[in-house]
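Good morning, everyone, and thank you for making the time. I would like to go through one model with you, so please have a look at it before I go on.

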Amino acid sequence: MSARWRTGSPGQLLLAAALASFLFLFLILPVATVVYVAFTEKGTGAFTLVNFADFARTDLFVRSFWNSLYVSAMTVVIASAFALPLAYLTTRFEFRGAVLVQTLGFLPLVMPPFVGAVAMQLLFGRNGSLNLVLDDLFGFKIGIMEGLNGVILLQAIHYFPFILVNLSTSLRSIDRSMEEAGQNLGAHGLRLFRRIALPLAMPGYIAGASLVFVKVFDDLATPLLLNVKEMLAPQAYLRITSIGLADPMGYVISVVLIAVSVLTMWLAARSMKGRDYATAQRGGGGLAKRTLGPREAAIAYAIVILILLIVLAPHVGLLMLSFATVWSFSPLPDGYTLAHYTRVLGESSIYIKNTLLYATLAGLIDVVVGGIIAYLVLRTRVPGRQVLDWAATAALAVPGVVVGIGYLRTFYDVKLPDGSSLASAWIVIVLAVAIRRLPYALRSAYAALQQISIALEEAAENLGATKTRTVRRIVIPLMTGGLLAGFVTSFATASVELSAVLMLVQTNADAPLAYGLYVFMQTPAGRGAGAALGVIAVLIVAIGTWLSQRAVDRSQRAHGLDL
Amino acid sequence: MLRSTLLVTTLLAVAAWPAAAQTGKVTVVTSFSKDVTDPLKRAFEKAVPGATLEVQNRNTNAGVKFLEETRSSNQVDLFWASAPDAFEVLKSKSLLAAYKPKARGVAEKVGSYPVNDRDGFYSGFAASGYGIMWNERYVRANRLPTPKDWQDLAKAPYFDHVSISQPSRSGTTHLTIETILQGEGWEKGWRTVKEISGNLRHVTDRSFAVPDAVNSGQVGFGVVIDFFAFSSQGAGFPVKFVYPTVTTLVPANVGIVANAPNRAGAEAFIEFLLSPAGQETLLEPTIRRLPVRPETYAKAPAEYPNPFKDQRLQSLLTFDALLSERRTAPVDVLFDQLITFQIDALKATTKALHEAEAALAKKDNAAARKLVSEARDLVAAMPITDAQAASPEIRAAFAGGREKTARQAELEQQWASFAKERYAQAKAKAEEALKLAR
């Protein structure tokens with residue numbers, strides 16, 4: 001490595017400073033205005049750690065902590081079981097409909113708030129379709145959705161696309177010469193996958209799995225919708241939004257959440273340390289795609305269809321709900337109608353426009369910021385670059401409602417030229433959502449860059465290219481797949497973000513779909529309409545995802561085997 | 001041409017409505033759902049030409065918090081919600097402006113609850129009562145009896161079939177619990193609440209999650225405010241509702257926010273809500289609130305409850321809002337620590353008690369009966385008295401505030417372990433009783 005890699009150039013320092021101030025202004029400052037209470041003594045406001053001692057002394061919190069840990073770990077296991085076969089089959093074999101599978105496999109990530117869990121209850125709950133039929137035929141029921149198991153299943157379905165997307169991207173960017181080398185040495189089939197492809201795709205798997213773990217650890221909506229409260233994130237939320245408004249414990253829990261998230265990411269990064277996943281030769285078009293024999297193909301399709309059926313169950317339920325008249329204590333709705341769609345169509349166009357605008361902007365901000373941070377961390381020696389990474393990652397753990405309140409507190413008194421408050425400008429919603437989804441894009445960019453050999457950049461520079469030109473002509477093109485994956489993940493999840501939005505929306509004209517959906521889902525007559533809005537949200541994201549998948553596939557093919 | 005038409009329209013509008021300044025954007029923060037706000041918005045905009053109602057939907061707590069955080073340059077004209085408690089909080093923080101409605105013909109009291117705030121900071125525009133709703137298909141399939149009173153829900157057949165929301169999360173459930181506590185007294189009231197809670201399927205964190213679970217048939221019975229049941233019926237769900245003997249009618253309120261940007265518009269909206277047209281809108285199937293104008297009931301569909309005629313609804317308990325406000329936080333936290341977060345232990349104990357009592361009903365045994373009664377007392381035991389709950393020391397622990405008092409987390413842990421110990425003891429006694437009775 002040349003000495004130039006060891007020190008930050010002025011340009012890099014400037015870039016780092018700009019990002020640091022961005023993160024400080026829109027993440028650290030707003031969150032600090034809320035969370036500092038955790039470290040103050042009641043009455044005097046002096047600094048203290050007694051609140052953390054209280055945390056450790058309270059049975060409820062300790063129990064919640066272990067429950068959260070258990071659920072997160074189990075979710076990673078189940079989510080991997082969903083993601084591995086899908087990723088392997090669609091990238092490793094000539095698989096008809098691979099793009100479709102990738103798109104469908106991505107959809108669960110877009111589970112609109114409320115309706116996903118409602119739909120799952122209607123299908124698999126204690127008195128859901130499955131159990132009503134079972135009870136009728138055989139006189140027993142199975143408690144799939146009961147307690148922590150229900151949370152694990154729903155979370156695994158919801159978040160396994162993180163692993164799928166990142167792992168598939170990694171698998172695609174493995175140099176096929178590695179596999180050929182393996183084959184020459186006599187490995188094939190599963191052994192080849194296990195010893196060559198899987199280890200080389202580790203950055204993607206770890207990026208996805210650590211995201212799943214942290215996301216589940218910090219998610220409050222799914223447990224609450226299944227009436228599981230004894231987990232850490234729901235405890236923080238319940239306290240902050242109700243009785244504990246003046247009490248530090250809600251914020252103490254938030255601090256614990258942030259600490260665990262950052263620790264997890266640190267461990268994930270450490271497990272990758274000292275190993276080199278980069279391969280120098282690019283343009284090999286990823287792994288060689290094998291053709292399946294008829295029997296293999298039948299098995300492969302059976303597996304893929306089974307997994308898709310499980311993970312798309314919430315969406316199937318959602319679709320049924322959106323067409324149902326009344327669906328109450330029966331395996332199927334009483335009747336079907338288009339009324340819910342006609343009801344929402346008129347007023348949802350503004351929601352759709354806002355959602356597209358906010359989610360696209362948030363996704364773009366995330367890819368740019370995440371890409372730069374990944375570059376600074378992996379390719380430069382700018383002092384404090386690691387801090388940028390941790391700070392951005394911590395955003396994952398900050399409860400949305402804390403972000404919401406923090407933004408109101410920090411920006412409400414900042415006046416725009418026309419006299420209105422900055423906090424009431426819609427761009428603030430975009431920033432809040434972008435900050436909350438930044439970690440997704442960051443992890444994807446990180447994984448993508450880890451797989452690019454630094455030798456390629458050095459070669460470019462040896463040939464006289466400037467640093468900027470190298471980034472533009474070498475790094476960015478090679479990272480495209482990863483950046484696109486990051487954009488899609490951020491975009492898709494941003495389009496259904498609710499908790500921070502709920503605090504910040506000030507007029508209906510600025511409201512995104514998730515807010516409209518929330519408003520519908522609070523009323524008996526609004527359930528079908530809410531589901532219809534949910535279907536529209538899913539469709540928007542599905543189309544977006546499909547287009548990007550196709551773009552990736554095309555570029556792969558263009559640089560692929562014909563080269 | 002277009003311009004002059006516009007001018008004429010504007011002039012006409014001005015002529016039609018005396019105070020021209022009332023037109024324009026009226027911003028309201030509300031916990032009411034779209035089903036309620038949409039018809040009222042349409043009717044208001046029709047009645048007051050030129051006015052537009054900008055509805056910001058937030059739950060009650062978030063709404064209060066929002067007004068607090070944005071008071072430095074308030075952009076909201078009205079706060080519009082059910083829970084009188086929330087209005088008391090806003091009032092105590094000087095976030096409301098006083099206004100005396102001009103409308104005539106509005107009742108002074110609904111049931112035995114005064115319609116308007118005694119200091120004139122908020123006005124009631126509709127009334128609601130608390131009760132029990134159930135899913136008829138569910139009840140039929142499980143062959144369950146229909147309940148008439150709160151105590152019915154504590155009986156053995158209802159085990160694992162009932163749903164309620166946390167009082168700390170839902171203003172309406174808080175009032176339900178407070179109503180039972182005021183109607184039956186602190187000790188007996190909590191006994192009832194805990195006996196019902198032993199039969200719970202789950203405790204939800206949103207008020208609407210309860211009717212939602214009953215509507216979809218996930219649970220059979222829900223403790224809810226009446227309009228949840230009525231509007232569910234309006235949406236076609238197979239549900240029924242009953243007012244128990246100990247209930248109270250409480251007004252849903254509207255108040256003008258201090259420093260409202262469009263004060264005239266805010267007043268116009270309140271006047272509209274109390275006008276005959278506004279009150280009639282409350283009868284719509286998706287709203288189903290009880291109007292505060294007695295004459296409006298003439299236009300109501302059959303079987304619509306009428307608090308001005310129905311003897312039962314008139315003799316209901318007088319709700320003491322001041323007492324309620326003073327012990328809000330302790331009551332909520334007690335419920336969460338003794339019930340919400342101990343639900344598994346409480347249910348296991350209750351199940352053991354149901355089994356012991358069933359065995360006793362077949363074959364009586366004095367010793368076993370004594371054990372069961374001791375076990376019931378253990379379940380009902382409270383860590384603090386009502387005097388303590390309303391005492392300044394305990395209230396201060398939940399207020400945050402300036403004083404250095406006991407920390408909320410300390411008290412919670414004490415109360416939780418108090419309950420946990422007693423539930424375990426009670427379960428042991430109930431199991432012993434079952435052995436004796438066999």
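Predicted model: local features only at pLDDT ≥ 70, side-chain atom pairs only at ≥ 80, totals over all residues.

Chain B is divided into domain 1, which covers 11–128 + 251–314, and domain 2, which covers 131–248 + 322–437, with the bounds coming from an automatic or database domain assignment. Residues are numbered from 1 along each chain as its sequence is written, and chains are lettered from A and ligands numbered from 1 in the order in which they are written.

The centres of domain 1 of chain B and domain 2 of chain B, taken over C-alpha atoms, are separated by 32 Å. Their contact takes 16 residues from domain 1 of chain B and 15 residues from domain 2 of chain B, where two residues are in contact if their C-beta atoms, placed from the backbone, lie within 7 Å.

Let me turn to helix packing, with helices being DSSP runs (H or I, at least four residues) numbered from the N terminus. How do α15(B) and α19(B) cross? The axes of helix α15 (residues 343–362) of chain B and helix α19 (residues 408–437) of chain B come within 8 Å and cross at roughly 20°, the axes being lines fitted to C-alpha atoms over the stretch in contact, with angles that run from 0 to 180 degrees between N-to-C directions. α15(B) and α19(B) are therefore roughly parallel to each other, a term used for angles under 35 degrees, just as those over 145 count as roughly antiparallel. The residues of this contact of α15(B) with α19(B) divide into 15 nonpolar, 1 polar and 4 charged, where Ala, Val, Leu, Ile, Met, Phe, Trp, Tyr, Cys and Pro count as nonpolar, Asp, Glu, Lys and Arg as charged, and the others, Gly among them, as polar.

Helix α16 (residues 366–380) of chain B also packs on α19(B), at an angle of about 165° and with the axes 8 Å apart, which makes α16(B) roughly antiparallel to α19(B). By class, the contact of α16(B) with α19(B) has 13 nonpolar, 1 polar and 4 charged residues.

Finally, the contact between the chains takes 49 residues from chain A and 55 residues from chain B. On the side of chain A that touches chain B, α18(A) gives the most, with 3 residues.

Methods:
Helix = DSSP H or I, 4+ residues; strand = E, 2+ residues; numbered from the N terminus. Parallel < 35°, antiparallel > 145°, perpendicular 65-115°, else oblique.
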